[in-house]
Structures are given as C-alpha cells and as structure tokens.
Amino acid sequence: MPLDTLWSQRIRENKMILRQPKPRVFLSLTPLIDVVFILLIFFMLVSQFSSWRNIELLSQAGAAGGTGDEAVIALQLNNSGSFELDGEMIGSLGEVIVQLSIANRTGPLFLSAESTVQMQRILDVIETLSGAGMVDVTLVEPTVRATR
Amino acid sequence: MMRIRKKTHSHAPDGKLPLINIVLLLVLAFMMAGTVAAPLPSGFDPLRSEVREQAEVRSKPATLTVDRLGRVSIEGRDIATSNVDLLFGEISSDERELEFRVDARAPANSIIVLLGSAERAGLKDVQIVILSRE
C-alpha cells in the first residue's frame, strides 16, 4: 500500500474516532419528583392556617379582689341556659345586661357555672359582657361559690 | 444516496416539567404560609371567640390540653386529676409559663378549678388558646 494512501486511511480513522459521540449521562427526575411529593404531603399534613390567639381569664385564686368600693356582681350560668344574678333568676343574658345597666353597676363580676355548662358558653358570656362594658370578670370555682 | 436521519431523542421530560414546577410551588406555599404545629387530639373542637386582643406571646409555654370530658394531658401525656397540682408545681419551679388548650365542650367548672389550681401553684397569667372567629 502506498504511503500516502496509508496516511490518508489513518487520518480518516482518527477523524472517525474523534467524531464518535461521547456517552451522555441523563439524570432521572423520578427520585426528585418522589421527594418533592413527600415534602408536599408532609407540609400539607402539619401546616395549620388557623388564626390562634391567646387570652387571659381571671380565676378567683388569681383575682386581685375588688377595691371594696364597688359591690361584687355574682352571676351564675345554669345548666338550663338561664342566669342567676345575685340569686335572682333571669332568663337571658340580654336581660342581665339591661338590669345591670339600669342599676348602673359595672363593678367586678364573679362568674360561676353549674356542672354541665360548657366552656364555650362561658367564653361567649364573657365576650358579650365585655362588649357591654363589663371587663372585670372573674371566674369563680364551685367550692368558693358554695362558701360565699 | 439514501440518508437515514438519526432519530434525536429528547431526554428532557418536557411533559413532566410543569408538574414539577407546580408541585414545587405548592411546597413553597405550604412552607411559607402554614405554621408547623403539633397535631391536636382527634375530635378536638377548639374554643372560638371574636376577641381581637392578643395576650403577650410567650416562647415555648407548657401546653395543657383538656378534652371534652375534662381529661387533662400535657404534651401528649395523660395526667391524672390527682397529679395536676404536682404538675403545676413542677412547671412553676421550672419558671415555665402555662397555656390551656381547651375543647369547647369541656365542662367549664373543671377548667375553672384547673385555673385556680395553677394560680395557687404560683403560675400567674395563665392563658387560654382560642381560635379566632374572624
């Protein structure tokens, strides 16, 4: 074989070698998608979008006590939904507020409840009383109420 | 001369890219907008109120949960009623603060008694966690 033919063949081979495509590495996206889905499910389960707040409720033990100048208002929630204002039975909270405003009484209010009254009811009553201007509300334990 | 065009494989999964984008956006939205918190007991119905004022926010208070039957638990651990005073004493001596997470249907008197016990144990300004009605 003539030398120039041999050289041209070598050069062609080299070119062919150079032209061989490099093996390309492709990353699979499937594990990424799996991890992202797991993260999504985790955050969906543990996230809370509720608007929580903290409030303070005064109980008899923590109450500083009245000034002595104002008479304490004793209000009791009965199981039936009625109220007792200083021992007098009253049908609704609206009537209680009217009676207190007529008597111009805004002094410290001791709130107690009968055995089956639910906590949400107490909170609703405190909220209504607070709206009517009676902010000095103290919760009274049943034992304290019995000895009063 | 017949030329065979080499089939070009597109290895980028174009069909999956919008899905990945949306899922990543959802993850980011949940991470940013949500608050990660310990789950509430099953069937727990929180107290709700329209009250707007927010008591002073504390860092890591002891959270006492009271369920609808008045049963007390703290950080997932059930506490016997007879041991509540002891628990309040420990929290008070650790100078931790206390908050109550109360089921709306819980008997009010049991909460009032617990509040009184906590304050007698020296835990001042006990807070109750409510869900805003807004």
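**Notebook: salt bridges in a predicted model**

I began with Asp67(B), which counts as buried at 19% relative accessibility. I kept in mind that this is a predicted model. The cut-off matters here: buried means under 20% relative accessible area, so Asp67(B) at 19% falls on the buried side.

Next I looked up the partner of Asp67(B). Asp67(B) forms a salt bridge with Arg71(B), and their closest N and O atoms are 2.7 Å apart. Arg71(B) is exposed, with a relative accessible area of 52%. I noted the cut-off again, as exposed means over 50%.

I then asked myself how many salt bridges the structure holds over all chains. There are five.

I stayed in chain B for another of them. Asp45(B) pairs with Arg48(B) in a salt bridge, with 2.7 Å between the closest N and O atoms. I checked both ends: Asp45(B) is partly exposed at 26% relative accessible area, and Arg48(B) is partly exposed at 32%.

My last stop was chain A. There, the side chains of Arg105(A) and Asp86(A) meet in a salt bridge at 2.8 Å, N to O. Which parts of chain A does this pair tie together? I found Arg105(A) in the loop between α3 (93–102) and β7 (109–113), and Asp86(A) in the loop between β5 (83–85) and β6 (88–90), so the pair links parts that are 19 residues apart in sequence.

How values were computed
Residues are numbered from 1 along each chain as its sequence is written. Chains are lettered from A and ligands numbered from 1 in the order in which they are written. This is a predicted model: local features need pLDDT of at least 70, side-chain atom pairs count only at pLDDT 80 or more; totals for chains, interfaces and linings use all residues. Side-chain values use heavy atoms; hydrogens and water are left out. A salt bridge is a side-chain nitrogen of Lys or Arg within 4 Å of a carboxyl oxygen of Asp or Glu. Helices (H or I, at least four residues) and strands (E, at least two) are DSSP runs, numbered from the N terminus. Buried means under 20% relative accessible area, exposed over 50%, partly exposed in between (1.4 Å probe, protein chains only).
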